[in-house]
Structures are given as C-alpha cells and as structure tokens.
Amino acid sequence: MDKTSILWADDEIDLLKPHILFLEEKGFEVVTVNNGDDAIEQVSSNNFDIIFLDENMPGKSGLETLDKIKSLKPEIPVVMITKSEEESIMEEAIGSKIADYLIKPVNPNQILLTVKKNLDTRRLVSERASSNYQQEFRNIGMALGDRMSHEEWADIYKRLIYWELELEKSNDPSMYEILTTQKKEANKQFGRFIEDNYEDWLQNPEDDAPVLSHNVFKRKIVPVIESTDDPVFLILIDNLRLDQYKILKNAFGNYLRLNSEETYFGILPTATQYARNAFFAGLMPKDIEKKYPKLWLNDEDEGGKNLHEEELLGELLNRLQLKIKYSYNKITNLKHGKELVDQIPSLFSNELNVIVYNFVDMLSHARTEMQMIKELAQDESAYRSLTLSWFEHSPLYECIKQIAEKPAKIIITTDHGSIRVNEPSKIIGDKNTNTNLRYKNGKNLNYDKKDVFEVRKPEDALLPKTHVSSSYVFIKEDLFFAYPNNYNYYVNYYRDTFQHGGISLEEMIIPLITYSTK
C-alpha cells in the first residue's frame with residue numbers, strides 16, 4: 001500500500017523538523033517547501049493526499065497559493081496554518097474551501113489528528129456505520145417478527161432509510177446488500193400488514209387507523225392554517241418518496257426552519273388518479289364519484305384523470321366551512337415553473353397557496369422510457385442524486401427562496417411514492433383492464449393470489465365499481481404485473497423501473513413536513 005503523501009509549505013520549515021520526523025516515523029511521506037511558488041510547482045507535478053499551508057509566507061501569500069492549488073487540484077484537502085486569529089483571514093480561507101485550519105504554534109499530535117480526521121474519516125465512519133447497522137439489523141429483524149402498529153411500521157421504514165443513506169456512503173457493499181435483503185423482507189411483512197388491516201381502517205376509522213390520503217388535509221393541514229396568521233404554502237411534489245425528501249432536507253434547511261417531520265399512509269391504489277384526488281377532495285374515490293360525478297373519471301374512461309383537483313379542493317374547503325382566500329397552481333413544465341416564480345410575491349395575500357409540482361413523477365416515467373435517464377439513475381442512490389440535482393436547479397427551489405424572505409408556513413408532501421420493480425407476476429384481463437403495472441381494475445382477472453391483495457368488492461375499499469363483476473388487485477413487494485402475450489419483451493422493458501400503484505413501504509408511507517421561514 002502506498003504511503004500517505006503530505007506537502008508542507010512554510011517559510012520556517014526548518015523549525016518544523018521535529019514535526020516532520022514525527023510524521024515520517026508514523027509512516028507518512030512528507031515533502032517540504034518554504035514558499036508558495038514551490039508549493040504550486042510541487043502540486044502541478046506530483047500527487048499529494050493532503051497539504052499543510054502556512055498563511056503568512058513571503059512572496060505569494062498562503063491565500064494566493066491556496067487559490068492556485070484549488071484551481072489545479074480542487075480535490076486535495078488543504079489545511080491552513082496561521083499565526084493570526086483575525087476573523088477576516090479565517091472567513092476568506094474557509095470561503096476558499098479549506099479542509100481545516102490550525103493556529104500556530106502547532107504540536108505534532110495536532111498535525112497527526114488533522115491528517116487522520118481528513119483522510120481517515122470516511123474509513124472510520126464506514127466502519128462505525130457497518131458495526132452499528134449489524135446491531136440494528138438484529139433489532140429490526142426482531143421487530144419484523146412482531147405484530148406492529150402503523151406507527152411502528154412508519155418507524156421501521158424511517159430506520160431502514162436512515163441506514164440505507166448511511167451505508168451507501170460507506171465502502172462496504174456486503175453490508176449494503178444485507179440491508180437491501182432486510183428491506184425486501186420488511187416489504188413482504190408490510191404487504192401482509194396492509195392486507196390484514198387496510199379495509200378495517202376505512203370501515204372503522206376511529207379504531208386506531210393512520211392518517212390517510214383522504215383525511216390528511218382535514219387532520220394535518222387545516223390545523224396549520226388555523227394556527228397562524230401567516231400564509232401557508234402547501235407544496236405537493238408528485239411521487240416524492242421519503243428517502244428522496246431526506247436528501248432534499250439540507251437544501252430546504254438552508255432557507256427554512258423545520259417545525260415537524262411526520263408521515264401519513266397513501267390510499268390504494270397508490271396512483272395519482274386515486275391518491276391525489278382523494279387528497280384534495282377529502283373523500284375516498286367511491287365517494288368522489290358519488291358526490292361529484294362530473295369531477296371523476298374511472299380507469300376505462302377517456303380523458304385526463306386529475307383535471308379537477310382545484311374544484312375538489314374548493315368543495316372541500318366549503319364542506320369544512322373554511323372561508324379563506326386561496327390559490328392553486330399545478331406545474332407540469334419548466335415554463336410554468338418560471339411563471340410561478342414571478343407570481344410568488346402576489347400570493348402572500350392568500351391564507352393558503354397550493355402548489356402541485358409534477359417533476360419527480362415525470363422523472364420516474366422518463367427513466368422507464370429513455371435509456372439515457374435510466375443510465376443516469378441506474379440505482380436507488382443515483383435516483384436520489386438526480387432528484388437532488390433537479391431540485392437545486394429548479395424553479396421550485398427559487399420559489400422557496402422567495403417565500404423564505406417573508407413570514408410564512410410551508411408544508412412539503414406528496415400523493416404517493418414509487419418502488420423499483422424487479423420480478424414479474426403474470427396476470428390475464430380483458431381489453432378494458434387498466435395499464436398500471438402495480439394494480440389492476442377489471443372483470444374476470446386471473447392472477448397469482450400469493451402475489452396480490454385482492455379486493456373483490458370495491459366498495460369494501462371505498463373504490464368505484466365500474467361493473468357488477470369488477471374487482472381490484474394490488475401487487476406487493478417489488479413485483480409488477482405482466483401479460484402472457486409478448487411476455488419476455490414486456491418483462492425486459494419494465495424490470496428495474498420505478499412504478500407505483502401497489503403496496504410497499506416506498507409507495508404508501510408518505511412524508512408530511514412542516515417548515516416556517518426563518
């Protein structure tokens with residue numbers, strides 16, 4: 001294994017001989033120079049793992065040398081050493097992306113600690129994460145063997161996400177693979193949990209049912225509106241999973257103060273047509289169809305299925321006797337997003353501003369249909385990274401920055417999540433059966449019963465009944481429905497794509513986050 005290579009630039013380098021010998025005895029290779037120009041020359045022609053740089057040198061100053069080094073090799077950590085504690089120097093050095101700074105006089109152990117902190121942190125964090133997850137693996141495994149409540153299931157999912165994000169930073173693919181297997185087992189047990197409890201939640205909502213899509217507005221959003229004189233911005237990012245929110249959290253935190261992090265359960269099907277309409281109507285799909293027949297289209301009907309969310313929201317506010325001024329904006333492309341940025345100042349006169357942003361859903365569909373996007377988001381980690389990259393350069397982020405300039409409350413949520421599907425499950429249906437890969441609604445459906453949650457009487461799940469013999473089936477775990485016709489092509493096309501509509505932790509346990517402006 002190559003020695004760790006250190007470059008040390010200091011005009012009094014001869015006085016630091018004991019420090020150099022100490023580092024060499026510890027197995028480091030140390031190259032020394034006594035001015036900025038020589039430091040730059042060394043960096044341009046050699047590879048170093050870390051650089052110690054004196055701030056006060058004749059000729060090129062430490063800060064000037066730092067700028068040049070960062071332009072040559074920005075990835076090398078640079079530790080600034082200075083005699084001065086002057087704040088402006090520290091701010092300038094930190095702004096130039098130094099890894100650390102030390103105040104003279106320094107002792108050898110300080111130097112050694114700094115080297116380890118900057119070069120060994122990743123290894124130490126990785127080892128600690130792997131060790132800690134081994135204990136957590138046992139705890140989660142024991143919990144999965146118990147009868148759990150919906151609150152406990154939400155907690156398990158949050159813990160799995162936490163470890164997924166921690167372990168992907170580490171260099172331990174075997175431990176990440178174990179987590180993936182445990183997550184798969186969790187989804188298997190979660191499917192049984194939903195099968196055992198879902199219809200009871202709907203029929204007997206007072207019996208410890210979770211907050212669901214159709215009552216989240218009344219139970220969680222109305223209290224925020226009624227508790228503040230500031231405008232409330234409700235931002236629903238379509239198809240945003242809890243893990244994706246977690247990697248956006250720092251970006252939100254740059255401008256907003258976190259008030260609460262909660263989750264709610266998406267209804268079945270976990271598809272936009274059902275879940276988002278239920279969200280804004282405050283009603284289950286069966287009741288929307290009955291109460292507002294002109295505002296609901298069934299699976300087999302022609303036309304857009306989410307064209308009346310604003311009217312459904314208006315009806316909900318009337319039923320709740322919430323007489324407030326509100327706005328509703330649905331963003332489906334970049335042009336609409338930029339127009340919304342310009343509108344933000346005028347929205348502060350409303351008590352409620354609803355913004356529906358469709359990008360993440362479009363990203364998941366594009367990943368299915370476009371090979372380039374599939375390569376960019378080849379796994380869960382890359383999919384999250386692509387979501388973050390979009391968000392940081394999106395009009396939505398610009399909107400949030402503008403909102404942050406005035407007193408306001410912001411609620412971030414979604415209508416459903418998605419799961420990366422891997423294995424097909426054969427199904428047979430007639431030509432009127434819907435095309436979604438995670439749920440089917442139709443007559444005379446033929447399927448593998450062990451793979452699905454069957455709802456033979458749609459009214460039991462408060463879903464529309466389009467025909468006398470209509471039924472619904474929701475697929476579980478990471479499966480997807482495939483027809484026997486042209487089976488191999490179909491399976492190869494859709495395997496390893498992100499889909500929604502069925503039963504999984506990723507699709508059903510949904511972020512509901514409240515922020516206030518700073």
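Predicted model: local features only at pLDDT ≥ 70, side-chain atom pairs only at ≥ 80, totals over all residues.
Local features are taken at pLDDT of at least 70 and side-chain atom pairs at pLDDT 80 or more, while totals for chains, interfaces and linings use all residues. Residues are numbered from 1 along each chain as its sequence is written, and side-chain values use heavy atoms, with hydrogens and water left out.

Helices and strands here are DSSP runs numbered from the N terminus (helices H or I, at least four residues; strands E, at least two). Helix α1 spans residues 17–25, and His-19, Ile-20, Phe-22 and Leu-23 in this helix are buried. Buried means under 20% relative accessible area, exposed means over 50%, and partly exposed lies in between (1.4 Å probe, protein chains only). Because the four cover an arc of only 160 degrees around the axis, they sit on the same side of α1; the arc is that of the directions from the helix axis to the C-beta atoms. On the other side of α1, Lys-17, Pro-18 and Glu-25 are exposed. The cover over the buried residues of α1 includes β1 (5–9), β2 (29–33) and α5 (108–119). Just after α1 comes Gly-27, with a positive phi of about 100 degrees.

Charged pairs are the next topic. The whole structure has 32 salt bridges, where a salt bridge is a side-chain nitrogen of Lys or Arg within 4 Å of a carboxyl oxygen of Asp or Glu. One joins Lys-104 to Glu-12, with the closest N and O atoms 3.8 Å apart. Lys-104 is in the loop between β5 (100–103) and α5, and Glu-12 in the loop between β1 and α1, so this pair ties together parts that are 92 residues apart in sequence. Glu-12 counts as partly exposed, at 30% relative accessibility.

Another salt bridge is formed by the side chains of Glu-195 and Lys-476 (2.8 Å, N to O). Since Glu-195 lies in helix α8 (residues 173–203) and Lys-476 in the loop between β16 (471–475) and β17 (479–482), the pair ties together parts that are 281 residues apart in sequence. Glu-195 is partly exposed at 34% relative accessibility, whereas Lys-476 is buried at 8%. There is also a network of salt bridges, which links Glu-164, Glu-168, Lys-183, Arg-241, Asp-243, Glu-380, Arg-384, Arg-420, Asp-496 and Glu-506.

Helix α11 (residues 272–281) and helix α13 (residues 309–319) meet at an angle of about 35 degrees, with their axes 7 Å apart. Axes are lines fitted to C-alpha atoms, for helices over the stretch in contact, and angles run from 0 to 180 degrees between N-to-C directions. From α11 the contact (heavy atoms within 4.5 Å) uses Arg-276, Asn-277, Phe-279, Phe-280 and Ala-281, and from α13 Glu-309, Leu-312, Leu-313, Leu-316 and Arg-319.

Arg-276 is also among the residues in contact with Asp-415, as are Leu-236, Asn-239, Tyr-264 and Ile-510, leaving aside neighbours within four places in sequence. Asp-415 belongs to the loop between β10 (409–413) and β11 (419–420). With a relative accessible area of 0%, Asp-415 is buried. Its side chain reaches the backbone nitrogen of Asn-239 at 3.3 Å.

Key:
Polar contact = N/O pair within 3.5 Å; in protein donor to acceptor, adjacent residues only side chain to side chain.
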